[in-house]
Amino acid sequence: MRSQTDGAGGLKHLISLDGLTRESITSILDRAESYRRFPGQPAYEGRELAAVTLANLFFEPSTRTRASFDLASRRLGAHVLNLEMQSSSRVKGETMLDTIYTLEAMNTDIFVIRDSEAGTPEFLIDHVAPHVSVISAGEAHVSHPTQGLLDVLTIRAHRRRFAGLKVAIVGDIKHSRVARSTARALRTLGTSDVRLVAPESLLPAEDEFQGALRFTRIEDGIDGADVVMMLRIQKERMAQAASLDDAAYFRTFGLDARRLKLAQPDVLVMHPGPMNRGVEISSDVADGPHSVIREQVNNGVAVRMAVLAAIAATLTRHRRPL
Ligand code: NCD
């Protein structure tokens with residue numbers, strides 16, 4: 001694991017939640033709360049990223065994550081480049097590093113990267129200039145640190161504690177970077193009862209998610225849960241996705257109002273999006289009174305602002321003098 005902090009302990013890169021202490025996660029969440037504005041309120045406008053240039057490099061599709069990095073950085077005063085990576089030079093044969101060096105030459109300070117290959121964010125950290133930061137916006141099935149942070153911010157806003165909570169993560173955990181990052185953040189903050197609920201074929205390897213309980217029946221896994229987090233089946237990461245039957249999956253693993261009654265009466269229902277209604281979750285539950293799915297989206301902007309502000313503060317210490 002590459003160090004994500006500089007010599008003075010400031011956040012320099014964010015590609016994983018491994019190695020972040022409870023204190024550092026808590027300080028990001030506190031800062032995010034100060035930036036958070038609810039729909040209808042005027043958005044926070046600040047200058048924390050003034051004279052900072054950020055490039056969004058998304059080699060995989062994204063709606064929420066990309067839009068929220070874009071808004072978060074603009075609301076803090078950054079210059080933002082949103083490159084069309086599907087049609088970009090990488091397709092024309094330019095290596096990713098040449099793209100990075102080209103954008104560095106245009107004074108890009110922060111690269112936000114999403115890629116389907118594991119290891120890309122670390123590779124970039126090893127190759128960018130010393131004054132440049134890398135943030136992962138999703139690395140293969142491995143990690144999605146800002147999603148993990150926004151998930152725990154959402155839980156904290158409703159529960160104010162992590163110890164003693166029962167959190168069930170349901171669905172395609174094997175291929176989910178969200179599950180890995182959120183489970184890691186929960187463990188660091190003190191939640192020991194994390195349940196992985198999936199058909200046998202979608203559970204992760206035994207040596208992953210240390211300490212998590214495993215269930216192959218949704219009824220057992222969500223029983224008494226304080227939080228139920230639903231995941232999409234990530235067919236794009238499977239070799240034999242075509243054989244999966246959506247209707248059969250909903251019958252055995254879908255979250256509907258009847259099953260939700262097994263959880264705590266005040267259960268929070270979460271989903272990182274994009275949702276497949278009628279496959280992993282019914283519409284009435286997705287839009288129902290327990291759902292905090294749109295709050296997750298709102299918190300996503302605030303968390304990304306907090307991460308960017310922390311990184312920008314570190315960056316200013318590494319700038320070359322005029
Ligand atoms: C997730 C992702 O890309 O990992 N989406 C997101 O960032 N909100 C989950 C998914 O694609 O299913």
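# A tour from the ligand outwards

Select Thr65 and the ligand: a polar side-chain atom of Thr65 lies 3.0 Å from an oxygen atom of the ligand. That is a polar contact, here a pair of N or O atoms within 3.5 Å; within protein, one must be able to donate a hydrogen and the other to accept it, and residues adjacent in sequence count only if both atoms are side-chain atoms. This is a predicted model: local features need pLDDT of at least 70, side-chain atom pairs count only at pLDDT 80 or more, and totals for chains, interfaces and linings use all residues. Residues are numbered from 1 along each chain as its sequence is written, and side-chain values use heavy atoms, with hydrogens and water left out.

Next, Gln234: an N or O atom in its side chain lies 3.3 Å from an oxygen atom of the ligand. The protein buries 94% of the 320 Å² that the ligand exposes when taken alone. Accessible areas come from the Shrake-Rupley method with a 1.4 Å probe; for residues, only the protein chains shown count as cover.

Colour helix H2 (64-75) and helix H7 (177-189). These elements give two or more residues to the shell around the ligand. Helices (H or I, at least four residues) and strands (E, at least two) are DSSP runs, numbered from the N terminus. Now show the residues around the ligand, among them Arg64, His144, Gln147, Arg177, Val178 and Arg232. The criterion is a heavy atom within 4 Å of the molecule. Pro272, Gly273 and Pro274 are also in this set.

**A cis peptide**

Stay on Gly273 and Pro274. The peptide bond from Gly273 to Pro274 is cis, with omega near -5°. Pro274 sits in the loop between strand E9 (268-270) and helix H11 (283-286).

**Two domains**

Zoom out and colour by domain. The assignment gives domain 1 (22-143 + 298-318) and domain 2 (145-297); such bounds come from an automatic or database domain assignment. Their centres, taken over C-alpha atoms, are 26 Å apart. Domain 1 puts 29 residues into the contact, and domain 2 puts in 29 residues. Contact means heavy atoms within 4.5 Å.

**The nonpolar core**

Select Ile110, Val170, Val228, Leu255 and Val307. Of the 86 residues in the largest nonpolar core, these touch the most other members. Such a core is a set of buried Ala, Val, Leu, Ile, Met, Phe, Trp, Tyr and Cys residues joined through side-chain atoms within 4.5 Å. Buried means under 20% relative accessible area, exposed over 50%, partly exposed in between (1.4 Å probe, protein chains only). Helix H12 (residues 293-318) gives the most to this core, with 13 residues. Both domain 1 and domain 2 give residues to the core, so it lies between them.

Centre on Ile110. Leaving aside neighbours within four places in sequence, its contacts include Val52, Leu54, Ile135, Leu308, Ile311 and Leu315.

**Two positive phi angles**

Go to Asn107, in the loop between helix H4 (96-105) and strand E3 (110-115). Its phi is positive, about 65°, although Asn107 is not a glycine. Asn107 counts as exposed because its relative accessibility is 56%.

Then pick Phe209, in the loop between strand E6 (193-197) and strand E7 (213-215). Phe209 also is not a glycine, and its phi is positive, near 55°. Buried or exposed? Phe209 is buried, with a relative accessible area of 9%.
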